[in-house]
Amino acid sequence: MSGSSDVVLAHGVGGVQDLPIPAHYAYIAAATALLVSFGVLALAWRTSRFRGDASGRPLWPWLARIVDARITRGAVVGLGLVFAGWIAMAAVFGQNTLVNPSFRAVYVVLWVGLVPAAIVLGPVYRLCSPLRWLHRGICAAAGIDPGQGIRTYPAKLGLWPGAFFLFAFTWLELVNPNVSESLPSIRLWFLLVGAFTMVGATVYGDVWFENGDPFEVYSSLVARLSLFGRRTDGTLVVRNPLENLDGLPPKYGLVGVVSVLFGSTAFDSFKESPRWLGWAQQYSTHSVILNTAALALFCLVVYVTFTLASLATGGLGTIGSRGLPNQLAHSVVPIVVGYIVAHYLSFFIAEGIAFVQEVGDPLSRGWPLTEWADGIDKYTIYNHPTAIAVTKVVAVVTGHVLGVVAAHDRSVRLLPRTRALIGQLPMLVLMVCYTLLGLWLLFSS
Amino acid sequence: MPGLTRLATATSAAAALLGLCLTGCGSTNPTSGAADSAGGTGSGSEQPATISIVEKDGSITPDDGHVIDVDKGQDVQLVVTTDAADEIHVHSIPEHEFEVEAGADSEKLPEFSIDTPGRFIIESHGLNVTLVTLQVG
């Protein structure tokens with residue numbers, strides 16, 4: 001672990017890129033995606049089956065009791081807060097070198113690790129969120145109800161603040177020219193966003209967190225693909241992830257959140273491609289403007305295409321066409337998550353190991369807490385290119401299939417019976433396009 | 001919910017089939033061809049890959065980051081001509097850093113090889129420009 005000072009950092013940290021997936025992997029995956037898509041359209045059920053939050057089988061009572069026990073939740077919260085405090089100590093008092101664990105804590109553990117955590121355990125970020133606990137503490141000290149704000153949160157604002165701050169984070173990760181070894185930029189970002197979040201919570205009450213805290217918004221979204229969930233009355237259930245996903249509330253701004261997540265990840269892949277790199281380098285004095293514009297364009301293209309495809313379903317009936325994009329946006333979540341798995345898989349394993357190695361010495365004083373991990377070769381995963389490529393392709397295709405099924409079920413529920421099949425076509429074609437774009441980026445970038 | 005169960009079974013079967021098919025095909029494709037040479041010591045028999053770098057008046061070629069394929073374990077040699085002192089960094093595992101002095105004329109830098117599959121960039125540290133991308137595997 002030499003603190004080499006100028007390693008080029010892909011997505012915040014890490015220097016290796018995966019090999020492109022072999023061409024025939026991409027072809028097989030694309031063919032599978034196409035076949036399944038139209039197979040679903042032709043063969044699947046014609047009346048909606050998913051029941052959202054009402055679905056699922058209650059967890060065994062003894063297990064539910066353990067999960068909901070004060071001591072279990074207290075332990076998880078305690079761990080989360082100690083971890084956050086430890087990283088904050090490294091960020092504030094640690095040295096500005098690459099081995100400062102706060103970089104990997106942010107770009108690897110928080111940003112990428114949040115996805116598997118949410119899929120396995122559900123919305124854990126919400127439970128451990130340091131800002132939520134800070135807000136709760138302040139409210140308790142002042143004798144105020146944390147749910148109580150100065151104003152009522154406007155429903156039309158919905159998840160838009162979350163989408164905005166997610167975009168701000170991807171900018172920090174992908175565009176910020178000082179990303180390598182720039183502790184000050186991480187400090188400044190978290191200070192600003194943290195302050196803004198606390199102001200939001202003060203004005204609107206703690207409803208702000210579920211709409212405006214980017215990490216909670218992201219975590220709660222991905223948690224909808226978990227096998228575990230809760231009914232509206234709080235009962236813990238095991239359920240089909242597709243039914244879980246069906247329960248995602250179609251809030252305003254949901255399309256915005258999904259667009260930022262998908263657009264930014266696609267941009268990250270695209271940005272690493274030698275073609276873009278060579279081209280952008282000619283304009284290196286304007287690289288921030290160029291990359292900001294490209295990042296925004298990727299997100300915008302997803303937003304516009306998705307909105308248009310939703311409107312093209314033409315279903316009106318009870319909800320009116322303006323609500324349609326957010327009603328269908330849940331179906332892009334599996335596609336996004338599948339692509340995120342493909343994009344970050346090897347990075348997460350390699351840099352996760354590096355994080356464990358450095359987290360025991362947050363202030364660069366030679367603390368030996370995680371010395372036991374020093375012997376692990378963080379790059380082992382890169383010696384298995386075939387396994388990486390297969391996992392990527394399976395993740396993308398699985399995400400696509402789940403997305404298509406979710407969209408189908410929602411469509412047969414919302415659209416008039418006569419148009420239920422034909423109305424789905426634009427959305428289906430768009431999903432195929434998204435998946436082909438993802439495969440193309442994995443294969444040719 | 002028999003429909004859902006059937007759907008889940010079908011989906012996982014499809015995924016498993018896809019994975020099987022891919023790994024099956026994998027044994028005949030070039031990616032795993034590289035893995036064959038990993039065990040051997042055949043790297044010496046191959047020609048080293050030579051990459052010429054010319055730096056003049058603050059600009060450098062190549063500067064487009066284009067991809068150069070090299071085999072696992074194949075020797076790579078950078079040949080540098082420059083009118084300014086610079087550092088050339090190879091962001092491989094482990095990293096290689098070479099210092100070149102002003103006035104170097106077709107100077108051959110020490111050979112190196114990469115054993116980890118992946119893509120690695122070679123960069124001029126002085127000009128902060130990505131020169132080429134090495135693709136190993």
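**View 1. Helix 13 of chain A crosses helix 17 of chain A in a left-handed sense.** Left-handed here says that the near helix is turned anticlockwise from the far one by less than a right angle. In this predicted model, the axes of helix 13 (residues 254-272) and helix 17 (residues 333-359) of chain A come within 10 Å and cross at roughly 30°. That makes the two helices roughly parallel, a label for angles under 35 degrees. Axes are lines fitted to C-alpha atoms over the stretch in contact, with angles from 0 to 180 degrees between N-to-C directions.

**View 2. Who touches whom between helix 13 and helix 17 of chain A.** Helix 13 brings A:Val258, A:Leu261, A:Phe262, A:Thr265, A:Asp268 and A:Ser269, while helix 17 answers with A:Val333, A:Val336, A:Tyr339, A:Ile340 and A:His343. Contact is called when C-beta atoms, placed from the backbone, lie within 7 Å.

**View 3. Helix 3 of chain A packs against helix 4 of chain A.** With axes 8 Å apart, helix 3 (residues 70-93) and helix 4 (residues 101-110) of chain A sit at an angle of about 130°. The pair is therefore oblique, and the crossing of helix 3 and helix 4 of chain A is left-handed. From helix 3 come A:Ile87, A:Ala90 and A:Ala91, and they meet A:Pro101, A:Ser102 and A:Ala105 of helix 4.

**Notes.** Residues count from 1 along each chain as its sequence is written, with chains lettered from A and ligands numbered from 1 in the order written. Local features need pLDDT of at least 70, side-chain atom pairs count only at pLDDT 80 or more, and totals for chains, interfaces and linings use all residues.

Definitions and conventions
Helix = DSSP H or I, 4+ residues; strand = E, 2+ residues; numbered from the N terminus. Parallel < 35°, antiparallel > 145°, perpendicular 65-115°, else oblique. Contact = placed C-beta atoms within 7 Å.
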